[in-house]
Amino acid sequence: MTQLVYLIPLFPLIGFLLNGLFWKSMPKKLAGIIGSVAILASFCVALGIFFEVKSGGVPDKGIVHIFNFISVGKFSVPFAFLVDQLSAMFLLIITGIGFLIHLYSTAYMHDDAGYTKYFAYLNLFVFFMLLLVLGANYVVMFIGWEGVGLASYLLIGFWYKNKEYTNASKKAFIMNRIGDLGFLVGLMLTIYNFGTASYHEFFGQLSGGIGTMTDTGYMIGTGMTNAIAICFFIGAMGKSAQIPLYTWLPDAMAGPTPVSALIHAATMVTAGIYMIARSNALFNLAPMAQNMIAIIGLATVLLAASIAIKQNDIKKVLAYSTVSQLGYMFLALGVGAYVGSLFHVMTHAFFKALLFLGSGSVIHAMSGEQDMRKMGGLGKHMPITKFTFLIGCLAIAGLPGFSGFFSKDEILAAAYAKNPMYYYFALLGALMTAYYMFRAYFYTFSGSFRGTEAQKHHLHESPAAMTIPLIILAVLSVIGGYVGLPEVIGEHLNVGHLLNEYLSPVVQNFDVHHLSHSTEWTLMAVATALIVIMIIIAKAVTKKEQFKEATGLAKVLENKWYIDEVYDFLIVKPMAWIAKILNNVIELKGIDAGVNGVGQLVQWGSTRLKNLQSGQVGSYLFAMVIGIIIIFAIGIFGLFYA
Amino acid sequence: MLLILLLVIPLVTGLASFAFRKTPAVKTWALIGALATLVVAALSFCGIKESIPEANYNWLPSLGANFSLQGSVMALLMTLLTAIVFPLVFIAQWNKDIEQPSRFYGLMLLAQSGLMGVFLANDLLLFYFFWELALIPVYFLAGQWGGKDRIKTSFKFFVYTFLGSLLMLAGLIYLYIQTPNGSFDYNTILATGASLPIASQGTLFILFFIAFGIKMPIFPLHSWQASAYEQTLTPVTIVLSALMVKMGLFGVMKWLYPVFPHVDEQFYNIIMILALIGILYGSLLAIVQTDIKRLVAYSSLAHVGLMIMGIFAQTENATNGVITQMFNHGITITGLWLVVDMIERRYQTRDLASLGGLAGAAPKMTIALVVITFSSIALPLTNGFVGEFLLFLGIFESTNPNHITFMVLAGLGIILGAIYMLNMVQKVAYGEQKSLVIADMSLNEKISIYIILIVIVVLGVYPNLLLQVL
């Protein structure tokens, strides 16, 4: 089965090529079928591979060589895949959720003129995402990494006539490129110091720890490991939307909502977490980078959650929520709780995809309206959407029994063990999460309808192609957490932490202290109680909140702390200004004017050669020949002189 | 034999072109000539693994100059690029009316012959001869056809070129005098150059470098570039930017860097800094351009800057990166100019503010534009990636004390490149359709563009196809 792993990215690639090359003649229905079936086929292969990996039957350390990508001089990088527990887990998430979202899209995008193009792009995205997680070295990861950036760019700007949307797609690509440069520098450092980009060889050399020699004869020191790790993390900041490179993600909501669910919530944005978890051998030797990751992750949790509190666009709430949840995953990576982070990647993929698709269902019913101030009371008209959305909210808020509870609890406990201050801030973030999610829920589904009559008349539950994925994701959002029961619960049921056991060959938690059972119970109880209180507050606030002009802190939050404006003032404007100065002063008035001056001088001197500019072949050649003779003369004179 | 044909076919077809009176006839003739050259170039390139082809004939025995040619890997790759670019341009421009076509195509083919000679010459005087042979037709092409400021522009181009040729000639004569038996032979030149006192090597290095640096161009010798690209007809722009730029780079790699091996390392450092300035300066300027051709011109300054840095990084990976990138850059920028020309002909303007909505009107052309754009910003799985990757790696591995700073600052180019290229795509392709009469690509345009797209993807997915010959 492992040898067939190439089929997993191949199916989406074929889907992309079919829909991409024959977009003009492709029947609409067929386009959706090709797109969806391609992903389903990949999912089936991924399942087979998952079970093979789980049973431990993977040959050749899981490396599947496809072809030699770069092989020149002494440098060589194979195009090879790595099948192991970590990649198999991501394969399932990507193809599984990917399929549900393709299915959902067949209905959601039904009336769009670019239907075939949409499925081509979506398949292209899945192809690159699969390369990203399947690569057996950082170069293949980088191919996928930049490739998903391309697909994201194409899909954010899918409705290309709207300038705001294409601005958003441009911003996403450029901000990601800033991160990509970090990744690239990290990659150069790795190849320079270790002579390889392959995971196995790189981690093998690291296994000796600080103070040992690399194959190229450098000593492994914390300076080196921190530098590489921080460069990689800069790459992760871009792709996974962390401070300071997060501002593209909320804007990316310009794309169709299923795209937001798949790319900008469930899969692509977790690439940074995948990269760091994959490189855990490196990060465990880079304490400074780890601290940096934890602090930036935590700061992102709080910043994004605070902004989400005051957003009125339902997708913007979810976007900032995603940024904030990604912050949790980085916090977990920073404190060494790799499994907790990956656990949260998985549960978040379920409930965030669910929430986005739910919001899509709402937007679909509201004929494109995304402003929650114009919604209200939708629960009556769309019960399945309402119910599944509620499950998503409960899961993300972390109510006991729902998947988000288990993964978030694991992260909070690890944060507490590392540093109780981390825990308090992370808990604050969790409370804000509960508040803004239920604020969105109540605004949307409770109360009375605030939109137009025409919209009210149009309200309806979405078709089965949309509700079935919602139901499946809702089920997963509930049961998904049980693969990672905390010890305090698991020991009573005689069940271990299944995910931990599964991942242990490739990813092991690093330096995570175990808490006493009483502490852990206390933390859980406190968090749960506070979260319930936040939900009650949200209910009360949404009942009476008037939609008046925000003032003070609320206004700052509504305007996202003015971060975009600050970037504009500090980076965008000065750069444009410098470029203009260079162009108008240095280039046109300086260098060029100087050269023109010389030119005029020559021109003046050569007027005797009859209209040098006349375009006459003869006079040009004459000038040329005279010139060459003069040079010869000067040259020979120079020689005599010497 | 094949090497001689590479020179003779364009020369003969070019000279014969002048005799044609009917436009379709001269176009057909020129295309046949260019295709014949392509076949020969492909054949000679395919034989590269067995041996390096050489040819020697008496030329000016009294001067010690021989008509000697050598098809090294880099040379054959460049001749292949030259041979590919011309027919692509001829096909894509098939429907375009050009005044005095017989003269135009004749000069184009003469320039091709000159370019071939530059890449193949293994004798310094012969190299100089072809260098001029390539430049003179281009000078006429730039002066007679193109925008309204072409006279001024071509004159500036002429002044620059002339200055460069002058300095190279002075250096060449000096070097010739120093040879023990008065010879222009490559190996003699190599031995002589290396044996000169370090100060003389430095002086000669500067003379030759300025000549080559103007062609590349390197900052601050670039000011002829943007206006020349802007004012010339697209076929000429392509010859300038896809091929003549490579003359400068090739010249440095064959006739400068190995010939004067003992110059002060500080020279290399200064050149790398100038090239780095070129990357950042060119990229920043590209961001504020309002004319697409000028935008592409400045982007070229940035791209070439990276290749120059690669040459002077003096590492194996960087050198391989330069050679790879010289080829791929030629392909990509040819595609970019062709698409820009199609856009200009349809919208009757190159002003970015007046363009827009191409995606709705001409989706195929837009796909081509987007693919070529991403190749230009070196997205993996396009041909632009591997060369740039090897260049960055090679610069990083350099023994230059500033190697990490150089790589990181040069890396800013990949961010800035995304900014100006995506700005361009947005302004050209997206937004509301501005005109309803924009036609998508015609058959001949499709043939050229699709070939370029195929090369972009094939060499992007399987770069070893190219790398294995290095």
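**Reading a two-chain model**

Guide: Let us begin with a helix in chain A. In α10(A), the buried residues are Thr257(A), Pro258(A), Val259(A), Ser260(A), Ala261(A), Leu262(A), Ile263(A), His264(A), Ala265(A) and Ala266(A). Please keep in mind throughout that this is a predicted model.

Visitor: How many of the residues of helix α10 of chain A are buried, and what follows from that?

Guide: An α-helix has 3.6 residues a turn, so residues three or four places apart point the same way. In helix α10 (residues 257-266) of chain A, 10 of the 10 residues are buried, so this helix is largely enclosed by the rest of the structure.

Visitor: What covers the buried residues of α10(A)?

Guide: The cover includes α3 (85-108), α4 (115-134), α5, α9 (248-251), α14 (314-334) and α15 (338-365) of chain A.

Visitor: Let us turn to a single residue. Where does Phe158(A) lie, and is Phe158(A) buried or exposed?

Guide: Burial is judged by a count of neighbours, with 20 or more other C-beta atoms within 10 Å as the cut-off for a buried residue. Phe158(A) lies in the loop between α5 (138-156) and α6 (163-194) of chain A. There are 22 other C-beta atoms within 10 Å of Phe158(A), so Phe158(A) is buried.

Visitor: Which residues does Phe158(A) touch, not counting residues up to four places away in sequence?

Guide: With those left out, Phe158(A) touches Gly114(A), Tyr118(A), Gly255(A) and Pro256(A). Take Tyr118(A): Phe158(A) and Tyr118(A) are 40 residues apart in sequence, while their C-alpha atoms are 7.7 Å apart in space.

Visitor: How is the packing of two helices read? At what angle do the axes of α8 and α11 of chain A cross?

Guide: One takes the approach of the axes and the crossing angle together. The axes of helix α8 (residues 222-239) and helix α11 (residues 271-278) of chain A come within 7 Å and cross at roughly 155°. Angles over 145 degrees count as roughly antiparallel, and α8(A) is therefore roughly antiparallel to α11(A).

Visitor: Which residues of α8(A) and α11(A) meet?

Guide: From α8(A) come Phe232(A), Phe233(A), Gly235(A), Ala236(A) and Lys239(A), which meet Ala271(A), Gly272(A), Met275(A) and Ile276(A) of α11(A). By class, this contact of α8(A) with α11(A) divides into 6 nonpolar, 2 polar and 1 charged residues.

Visitor: What does the corresponding reading give for α3 and α18 of chain B?

Guide: Helix α3 (residues 73-92) and helix α18 (residues 443-461) of chain B have axes that come within 7 Å and cross at roughly 150°. α3(B) and α18(B) are therefore roughly antiparallel to each other. α3(B) contributes Leu88(B), Ile91(B) and Ala92(B) to the contact, and α18(B) contributes Asn444(B), Glu445(B), Ile447(B), Ser448(B), Ile451(B) and Ile452(B). The contact of α3(B) with α18(B) has 6 nonpolar, 2 polar and 1 charged residues.

Visitor: How is a whole chain summarised? How many helices and strands are there in chain B?

Guide: One counts its elements and then considers its overall dimensions. Chain B has 19 helices and 2 strands. Its radius of gyration is 21 Å, close to the 23 Å that the globule rule gives for 470 residues, so chain B is as compact as a globular protein of that length. Of those 470 residues, 64% count as buried. Chain A has 26 helices and 2 strands, and 55% of its 642 residues count as buried.

Visitor: Into which domains is chain B divided, and how many residues are in contact between them?

Guide: Chain B is divided into domain 1 (1-259) and domain 2 (264-470). The C-alpha centres of these two domains of chain B lie 22 Å apart. In chain B, 35 residues of domain 1 are in contact with 37 residues of domain 2. On the side of domain 1 that touches domain 2, α10(B) supplies the largest share, 11 residues. That side of domain 1 of chain B has 25 nonpolar, 7 polar and 3 charged residues.

Visitor: How many residues does the contact take from chain B and from chain A?

Guide: The contact takes 52 residues from chain B and 55 residues from chain A. On the side of chain B that touches chain A, α6(B) gives the most, with 11 residues. The residues of that side of chain B divide into 39 nonpolar, 9 polar and 4 charged.

Key. Residues numbered from 1 in each chain as written. Chains lettered and ligands numbered in written order. Predicted model: local features only at pLDDT ≥ 70, side-chain atom pairs only at ≥ 80, totals over all residues. Axes fitted to C-alpha atoms, helices over the stretch in contact; angles between N-to-C directions. Helix = DSSP H or I, 4+ residues; strand = E, 2+ residues; numbered from the N terminus. Parallel < 35°, antiparallel > 145°, perpendicular 65-115°, else oblique. Contact = placed C-beta atoms within 7 Å. Nonpolar A, V, L, I, M, F, W, Y, C, P; charged D, E, K, R; others polar. Rg over C-alpha atoms; globule rule 2.2 N^0.38 Å. Buried ≥ 20, exposed ≤ 12 C-beta atoms within 10 Å, placed from the backbone. Domains from an automatic or database assignment.
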